[in-house]
Amino acid sequence: MSTSSNIKSFSDYQDAYNASLRNPESFWSSIAESDYVWQKKWDQVCEFDLSKAHVRWFLNAKLNITENCIDRHLTTRGDQTAIIWEPNDPQEKALEISYSQLSQEVNRTANMLKSLGVKKGDRVCLYMPMIPELAYAVLACARIGAIHSVVFAGFSAKSLADRINDASCKLLITADGGFRGAKITALKAIADDALENCPSIESVVVKRRTGTDVRMKEGRDLWWSDAIESMTDICPPESMDAEDPLFILYTSGSTGKPKGMVHSTAGYMVYAGYTFSTVFQYEEGDVYWCTADIGWITGHSYILYGPLSAGATSLMFEGVPSYPDLGRFWDIVDKYKVNIFYTAPTAIRALAQCDMELVHSHDLSSLKTLGTVGEPINEEAWNWYSENIGKGRCPIVDSWWQTETGGMMISPISGITPLKPTYAGLPLPGVQACLMDNEGNEINGMGAEGRLCIKHPWPGMARTIYGDHQRYVETYFSEYPSMYFTGDGSRRDAEGYYRITGRVDDVVIVSGHNLGTAEIENAIDEHPLVAEAAVVGYPHSIKGNAIFAFVQCDEPPDNIEDFRSEVLNLVSQQIGPIAKPEQILLVGALPKTRSGKIMRRILRKIAAGERSEFGDISTLLNPEAVNTILEDLQATNH
Ligand code: WTA
C-alpha cells in the first residue's frame, strides 16, 4: 500500500493533471483504491449536479477513516511516533505518541463517548486547547461515527453556544483551561456561560489541564479522567457509508451566521491524504509540523487526517510563537529536526520583525519544505521566509484552499513545480480552476484577472451547510451556475500560474482568520448608543488585514475612550478577541445608496488611507456623508 506521492517530476504532474481532466472518475478511483483501505468498495465513483450542489463520491463504499489513519499502520509502524506533542511551556515534558498508543487512546476515548450515550450520527462539540486529548476526541468521534464539531478555543461563549445549538450537539468536551503563552483561557467557565442556552447538551466532559478552579454541574459534568478510567482499549470501528458526515466546521460568511460546513467521510479522507502526500512530498521518516490550531480546517486536514492517513509523524504544538520568546518556532524545529514546516503568512510577517539572533541561534538544517496557507503572502515575507528559514534551499508551497474545499487546491508541489513568489501556482490534479468575469463569462487565455471558480467536483469538497442546503446552493453555486464560486479574486499569469488577490465578498481575513463583517457589525449594534455600524477590512503590515469600524451613534457618547472599550468588549463577547476592530471611528453619517445600502466601496478606500479618489459617488443618497467622515477622521488625527 503506497502512501507516498507518485508525482516525482514536472511531467508526472502534467500527466496526472491531464489524466484528471480526461477522466476524473478513473483518476480518483485509482488513488482511492491504491492508497486506502475499504470495508466495501464503491459502486460508482462520482455522481453530481452542481446546480443543486448535489455531490457524492465513492457511492455505497463502506469504511472507517480511523482504520486508515491508525489501524492499518499498526503492523508496519506501531512503534513509530504518530503525534509529537510539544507543550506550551518548554520546561514541561513533551510527548511522543506512537501509532499503537494513539490506537489505544482513541479506542478508550471512543468507549468513553459510547458510555455517555453518544451514537453514530450524534454531534459532539469539542472546545479544547491543543492537547493530545483533542486529537483523541476527534478521532474517537470518527471511530464511532459521531460527527465532531470543533470550535476554536478562542471563540466567545456566545459563538460557542450558537455553534452547539446550530448542530444540536449532545456532548461537549472541554478543559478546565487552556495555556496560551503566559495566559490561561478559562475554557470551562466560558463553556458554562454558553451552556446556559444550550438545551441539547446532555453531558460535559472536562479534561484537567491548567488546574483552574471550575464549577462542576451535578449530573451533567464529568472529569475526563473519571469518565475514561474503566474504559478498555478495544473499540471496533463503526462501518460508515462513504457519504456519512465526518465533521462540521464553522466558517464565517458575507452575511448571516457562520456556516456549518459538512464534510463527508470517504471523499474528504482521499482528498486530505492525497494532497498531503503530493504537495509536501512527504517521505517515510520525515517529521512534519503544521502550526495551525485543530479548531480550523488546516488543523483538521493537515495535523490530523492527512498526515495520519499517510502514516506520518505529525507535530502538534499547544502554545504560541511568542512564548517564552519569539524564537519558539525555530526552537521546536531544531529540537525535533522538523523536515516539513507549514505555517501562516501572518506568523512569518510577525517573526520577520524580530531580532535575527532568535533565528540564527537555531539549527534549521533539517528543513526540506516550507509551506504557507490562509491568506496571500506578500513578496517581502515570501523572500524573508525563503532566505532566513529555508536558507535558499527549501521550496515554499504557498497553498490556496478553504474550509469548504477540505484540502489544498492550488499549490506548488514541493521540489517539482516551479515557484513564483506570491503565486499559489498551478491547480493540483483534479482541480479544474477557472476565472469568471462579473457578467458570468469565463475569462479564457492567460494573463487574466477575475473571480476564482472551480468547474468540476473534487472528492474533498463540503457537501452542504449543516441544516441549510439552500444556503449552500445560494452561497457557492448560484453566482455562476453549475460552478463552485470561491469568493476569492485571482490573477492568472502568462504560464497559467494563479495568484490569489483576496476576498471579493464581505469576508475579511485577519491574521489568517476569516471574519464576516456583518457579524462584527451585529455585535457593535448591540451597544445601546449605536444607531448603525459599518465594518470593512484594510491592509495591515502584520495581520494582512485589520478591521475598521465606522460607527454612527444616536447621541454622542460621554466618554469616547469608554465607548471604544465597550464596543471592543462587545465584539469579544459576541465573537471572540480575534474579531476586535483595530480602528473605531465615530461618524456623523454613513454613505448610503438610494436603496439604503451602505456604500462599503468608499469606506474601504477611506480605511485604506484614500482621501480623495472615491470614483462616482453620484448614486449616493447622501454624498455629503463622505466629507463628513473625512472631517471626523481629521478631528481624531487619523
Ligand atoms: C484565503 C484556510 C491567498 C482565501 C485553509 C480563502 C489564501 C480563505 C491562501 C479560506 C493562500 C487561503 N493565498 N489566500 N495561499 N489560503 N487563503 O476557510 O481568501 O480559513 O478563501 O481556509 O483564506 O480560509 P479558511
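Residues are numbered from 1 along each chain as its sequence is written. In this predicted model, local features need pLDDT of at least 70 and side-chain atom pairs count only at pLDDT 80 or more, while totals for chains, interfaces and linings use all residues; side-chain values use heavy atoms, with hydrogens and water left out.

**Exercise 1. Salt bridges**

Task: Find which residue pairs with Glu318 in a salt bridge, and state whether the two are buried or exposed.

Solution: 
- Step 1. Start with the rule: a salt bridge is a side-chain nitrogen of Lys or Arg within 4 Å of a carboxyl oxygen of Asp or Glu.
- Step 2. Apply the rule to Glu318. Its partner is Arg209, with the closest N and O atoms 2.8 Å apart.
- Step 3. Glu318 lies in the loop between strand S17 (313–317) and helix H12 (328–336), and Arg209 in the loop between strand S11 (203–207) and strand S12 (221–223), so the pair ties together parts that are 109 residues apart in sequence.
- Step 4. Check accessibility: buried means under 20% relative accessible area, exposed over 50%, partly exposed in between (1.4 Å probe, protein chains only). Glu318 and Arg209 are both buried.
- Step 5. Arg503 and Asp505 form a salt bridge at 2.6 Å between the closest N and O atoms. Arg503 is partly exposed at 24%, and Asp505 is partly exposed at 22%.
- Step 6. Look for shared partners. Lys188, Asp192, Arg215, Arg220 and Asp221 are joined into one network. Within it, Arg220 meets Asp221 at 2.5 Å, N to O. Arg220 and Asp221 are buried.

**Exercise 2. Aromatic rings**

Task: Name the geometry of the pair formed by Phe329 and Phe341.

Solution: 
- Step 1. Take the rule: rings of Phe, Tyr and Trp (its six-membered ring) pair if their centres lie within 6.5 Å; planes under 30 degrees apart count as stacked, over 60 as edge-to-face and the rest as tilted. The structure holds 39 aromatic pairs.
- Step 2. Read the values. The centres of Phe329 and Phe341 are 5.7 Å apart, with 75° between the planes, and the pair is edge-to-face.
- Step 3. Locate the rings. Phe329 is in helix H12 and Phe341 in strand S18 (residues 340–343).
- Step 4. Phe329 is buried at 4%, and Phe341 is buried at 0%.

**Exercise 3. Backbone details**

Task: Which peptide bond is cis, and where is its proline?

Solution: 
- Step 1. The bond from Tyr323 to Pro324 is cis, with omega near -5°.
- Step 2. Pro324 is in the loop between S17 and H12.
- Step 3. Now check phi. Ser482 has a positive phi of about 65°, although it is not a glycine. Ser482 is partly exposed at 36%.

Note on methods. Helix = DSSP H or I, 4+ residues; strand = E, 2+ residues; numbered from the N terminus.
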